Amino acid sequence: MTTRRDAFARRIGVRFPVIAAPMAGAAGPELAIAALKAGGLGSLPCALLAIEQMHAQADEVRGAIGGPLHLNFFCHDMPDDADETAWRALLAPYYSALGVAPPEGPGVMRLPFSEAQCAAVEAIRPEIVSFHFGLPGPALLARVKAAGACILASATTVREAQWLAAQGIDAVIAQGAEAGGHASHFLDGAPETHMGLFALLPQIVDAVPVPVIAAGGIADARGVAAAFILGASAVQLGTAFLHGPENRITPMHRAALSGPDAAHTQFTRLFTGRPARGIPNRLMRDLGAMNPAAPPFPHASIALAPLKAAAEAQGDTGFSSLWAGQASLLARPMSAGERITTLMADTDRLLADAARERI
Ligand SMILES: Cc1cc2nc3c(=O)[nH]c(=O)nc-3n(C[C@H](O)[C@H](O)[C@H](O)COP(=O)(O)O)c2cc1C
């Protein structure tokens, strides 16, 4: 008998229905290659990449290993007004204390899927494209489909999942509130009402006619098996892969993932202007994690850049976004390849036990 997860793995061209999540700023070709080599799906997050970097990273993955190439993009609306006056005033004492000047230029920001990125997708022809914060407009979406990509997108509510499925995408990622990094709210989500994966996943599975990928708080085989029993066709793990060597986070961020504060991850809008889950640090404690003075996404990160750089140079993560999900302390340090093969073997054992009513 073909299971839902086998059918989906076959549909996207991998052996195992496990996705090493796209993690902008934290993961690149190394993780994508390691995941593909182990039989899972890797990801290339493109939200912070220039077009030449996208091409170079896609070439790097394709040069290293065959299998599906997965590119990930953000689809937020850019705000009309991003007045930073109150935000910069709040940060002024930190600039003085750290002896740095507030930045003057626009800086590197997370930008929404654009005409130029779409043209790059048409040239690269990735097998899979995923979107966070909704979908691009109909014309760009039609071009991505015409380029032959299987399209995935994240939903944080049942209504978002239904909306995504109605746009004709191939699978929905159910992102529970436990997830590390940005919550993908785009229609009606908010941190206070964001459901955990146990409640969200089966409701989305019941509500949409396409396969559902479970994301948020999955860090070992028990989470994977539970997601499959709740109806998922695949799982997407982010934080767990941050515990391995194939990512681009600082050693300080990696250490924090196993430290005592990892038990108390929180949504914060301070680092980008949108709620994202991370490990609490000095800025969150001083200003309040959801302080409304931070300008709207993606502008908040610009004013923080020099503070982050100066503090990190002194071994201090007080101004760094330490993205992590609620299950960080469940994850063990291991390579991406070992994680994927261990997860799948242990999940098979757990599901076989469940079938024999051993659990
Ligand atoms: C450091 C970090 C960066 C992330 N960046 C992205 C991103 O660029 N695009 C995206 O679609 N999701 C991003 N996410 C969310 C993941 O796709 C996924 O929903 C989440 O990692 C799953 O929860 P977990 O971290 O508990 O495994 C990010 C997550 C983390 C931890």
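1. Of the 359 residues in the chain, 56% are buried; buried means under 20% relative accessible area, exposed means over 50%, and partly exposed lies in between (1.4 Å probe, protein chains only). This is a predicted model, where local features need pLDDT of at least 70, side-chain atom pairs count only at pLDDT 80 or more, and totals for chains, interfaces and linings use all residues. Residues are numbered from 1 along each chain as its sequence is written, and side-chain values use heavy atoms, with hydrogens and water left out.

2. Overall make-up. The chain holds 14 helices and 11 strands. Both are DSSP runs, numbered from the N terminus: helices are H or I with at least four residues, strands are E with at least two. The radius of gyration is 20 Å, close to the 21 Å that the globule rule gives for 359 residues, so the chain is as compact as a globular protein of that length. That radius is taken over C-alpha atoms, and the rule is 2.2 Å times the number of residues to the power 0.38. Along its principal axes, the C-alpha trace spans about 65 × 45 × 40 Å.

3. Contacts. Take the contacts in the chain with a separation of 6 or more: 68% of them join residues 24 or more positions apart. A contact means heavy atoms within 4.5 Å.

4. Eight strands form an open sheet with parallel pairing, in the order 1-9-8-6-5-4-3-2. Strand 1 (18–20) and strand 2 (44–45) are the edge strands, and each pairs on one side only. Two strands pair if DSSP finds at least two bridges between them.

5. Strand 1 runs parallel to strand 9, joined by 3 bridges. Here Ile 19 stands opposite Gln 236. Strand 9 (residues 234–237) also pairs with strand 8 (residues 212–215), in the parallel sense, over 3 bridges.

6. Burial of strands 8 and 9. In strand 9, Ala 234 and Gln 236 point one way, Val 235 and Leu 237 the other, and all are buried. Strand 8 is covered on both faces. Val 212 and Ala 214 lie on one side, Ile 213 and Ala 215 on the other, and all are buried.

7. Strand 2 pairs with strand 3 (residues 70–74) in the parallel sense, over 2 bridges. Leu 44 has Leu 71 as its bridge partner in strand 3.

8. Three strands make a second open sheet, in the order 7-11-10, with antiparallel pairing. Strand 7 (181–182) and strand 10 (266–268) stand at the edges with a single partner strand each, so one side of each has no neighbour in the sheet. Strand 10 is joined to strand 11 (residues 276–278) by 3 bridges, running antiparallel. Thr 268 stands opposite Ala 276.

9. Phe 16. This residue lies in the loop between helix 1 (4–12) and strand 1. Its relative accessibility is 14%, so Phe 16 counts as buried. Setting aside residues up to four places away in sequence, Phe 16 touches Ala 9, Ala 38, Gly 39, Gly 40, Ile 340, Thr 341 and Met 344. Arg 349 is 333 residues away along the chain, with 15 Å between the C-alpha atoms of Phe 16 and Arg 349.

10. His 299. This residue sits in the loop between helix 12 (282–287) and helix 13 (300–313). At 15% relative accessibility, His 299 counts as buried. Apart from neighbours within four places in sequence, His 299 is in contact with Met 78, Pro 79, Ala 82, Glu 84, Met 109 and Thr 272.
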